[in-house]
Amino acid sequence: SLLSSIISSSNSFECLSLPIATQPPSVVRRKFLKLSLLVHPDKNSHHLAKDAFQQLSTAFETLYDEESQRIHLQEVLSEQAEKVEQKKKEQQSNDKKRKRKQQWKQQKSSKKKAVWKRWEDVVADLSRREQLEKEFVRKKSDERLEKKVKGLMWKAMKLCRTLDERAGCPPSFVNGLWAPLYEQEAVKQSILSEGWEIRQGRDVLVYRNIQTGEEREEHPDAKVESMIQKARKAETTNKFRVHEEPRLFLGEIVEYLRDDHDYFGMDEDIMELEEEERARDNPAGNNGKEYDY
């Protein structure tokens with residue numbers, strides 16, 4: 001029976017009826033939920049239900065934590081490898097298995113009398129873990145998309161400037177849509193006067209006089225500072241700002257490329273970005289409440 005198989009299991013993967021391989025926390029959680037519905041003392045009146053659920057909970061905690069699962073998986077795989085690759089040491093491998101089973105039983109017997117949670121508490125705990133998983137995935141998706149948006153933004157600015165120049169714009173002209181690129185190049189190509197150093201502030205570059213300790217946002221070279229101010233003045237003509245609203249700023253550049261230069265070379269990049277944004281906002285498998293019991 002299910003209760004007997006759980007109690008007699010030799011490792012956490014077997015206890016949860018999972019393949020012996022790395023398992024995502026969400027898979028472990030769902031499997032635990034499925035089995036808990038069958039063996040939890042509030043759901044199953046069999047006299048073995050208490051022990052089975054206690055052992056199931058121990059296995060769940062072992063596999064839900066990634067580091068704990070990794071260590072446990074190494075132990076299980078190591079044993080399997082010994083059985084296959086070292087047949088001459090089969091007896092020794094069997095001894096290890098028996099020892100582990102004995103330790104498993106001793107661990108269960110040494111525990112205090114099981115005090116299981118109410119079913120409502122089990123569901124609440126799993127719901128909390130599910131929410132943490134979703135928040136983690138969302139955070140990673142946001143970071144990945146933010147990096148992609150910045151890359152596309154700088155690519156679009158370079159294209160915008162190139163097409164403006166080909167269209168005959170005078171050398172002195174600075175389009176606000178590629179003004180941040182113009183400013184960046186002005187700073188990179190300049191040579192700081194001796195005795196000055198540069199560091200990244202919160203939103204702007206800061207220049208520091210090494211001898212006096214003076215800090216200021218203006219470039220020590222008046223010519224370079226003039227170019228920087230020219231770029232920032234041009235940027236004020238944009239609808240959106242490169243640092244505050246990078247995604248909207250990217251859309252503004254792409255719209256300009258289409259309307260003013262009849263250039264659609266970035267459409268495929270934007271479509272791919274939008275598809276990733278939709279996938280982030282509507283993750284696959286989001287079918288409503290997972291714990292409606």
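**Stop 1: Asp121 and Arg118**

Start by selecting Asp121 and Arg118, and show their side chains. In this predicted model, the two side chains meet in a salt bridge, with N and O 3.1 Å apart. Side chains of opposite charge can pair when their charged atoms come close. Is Asp121 buried, exposed or partly exposed? With a relative accessibility of 32%, Asp121 counts as partly exposed. Across the structure, the count of salt bridges comes to 25, and the next stops visit some of them.

**Stop 2: Lys148 and Glu272**

Now select Lys148 and Glu272. These residues form a salt bridge too, and their closest N and O atoms are 2.8 Å apart. Colour the helices to see where each partner sits: Lys148 belongs to helix α7, while Glu272 belongs to helix α11 (residues 267–281), so this pair ties together parts that are 124 residues apart in sequence.

Before moving on, pick out Glu61, Asp125, Arg128 and Arg129. Salt bridges with shared partners join these four residues into one network.

**Stop 3: Arg98 and Asp95**

Go to helix α6, which covers residues 90–110. Select Arg98 and Asp95, whose side chains meet in a salt bridge with an N to O distance of 2.1 Å. How far apart are they along the helix? They are three residues apart in α6, which means about one helical turn separates them. Both can be checked against the surface: Arg98 is partly exposed, with a relative accessible area of 48%, and Asp95 is partly exposed, with 36%.

**Stop 4: Helices α4 and α7**

Next, show residues 49–64 (helix α4) and residues 119–166 (helix α7) as cartoons. Turn the view until you can look along both. Their axes are 15 Å apart and the helices pack at an angle of about 10°. Angles under 35 degrees count as roughly parallel, and α4 and α7 are therefore roughly parallel to each other.

Which residues make the contact? From α4, select Phe53, Phe60, Glu61 and Tyr64; from α7, select Val122, Leu126, Arg129 and Glu133. Colour them by class and you will find five nonpolar residues, three charged ones and no polar ones.

**Stop 5: A group of rings**

Stay on α4 and zoom in on Phe60 and Tyr64. A search of the whole structure finds five aromatic pairs. In the pair made by Phe60 and Tyr64, the ring centres are 5.3 Å apart and the planes lie at 50°, so the pair is tilted. The two residues are four residues apart in helix α4, which means about one helical turn lies between them.

Ring pairs link Phe32, Phe53, Phe60 and Tyr64 into a cluster.

**Stop 6: Ser12**

For the last stop, select Ser12 in helix α2, residues 12–15. With a relative accessibility of 1%, Ser12 counts as buried. What does Ser12 touch? Leaving out residues up to four places away in sequence, Ser12 touches Ala59, Thr62, Leu63, His72 and Trp104. Show those side chains around Ser12 to finish the tour.

Methods. Residues are numbered from 1 along each chain as its sequence is written. This is a predicted model: local features need pLDDT of at least 70, side-chain atom pairs count only at pLDDT 80 or more; totals for chains, interfaces and linings use all residues. Side-chain values use heavy atoms; hydrogens and water are left out. Axes are lines fitted to C-alpha atoms, for helices over the stretch in contact, and angles run from 0 to 180 degrees between N-to-C directions. Angles under 35 degrees count as roughly parallel, over 145 as roughly antiparallel, 65 to 115 as roughly perpendicular and the rest as oblique. Contact means heavy atoms within 4.5 Å. Ala, Val, Leu, Ile, Met, Phe, Trp, Tyr, Cys and Pro count as nonpolar, Asp, Glu, Lys and Arg as charged, and the others, Gly among them, as polar. Buried means under 20% relative accessible area, exposed over 50%, partly exposed in between (1.4 Å probe, protein chains only). Rings of Phe, Tyr and Trp (its six-membered ring) pair if their centres lie within 6.5 Å; planes under 30 degrees apart count as stacked, over 60 as edge-to-face and the rest as tilted.
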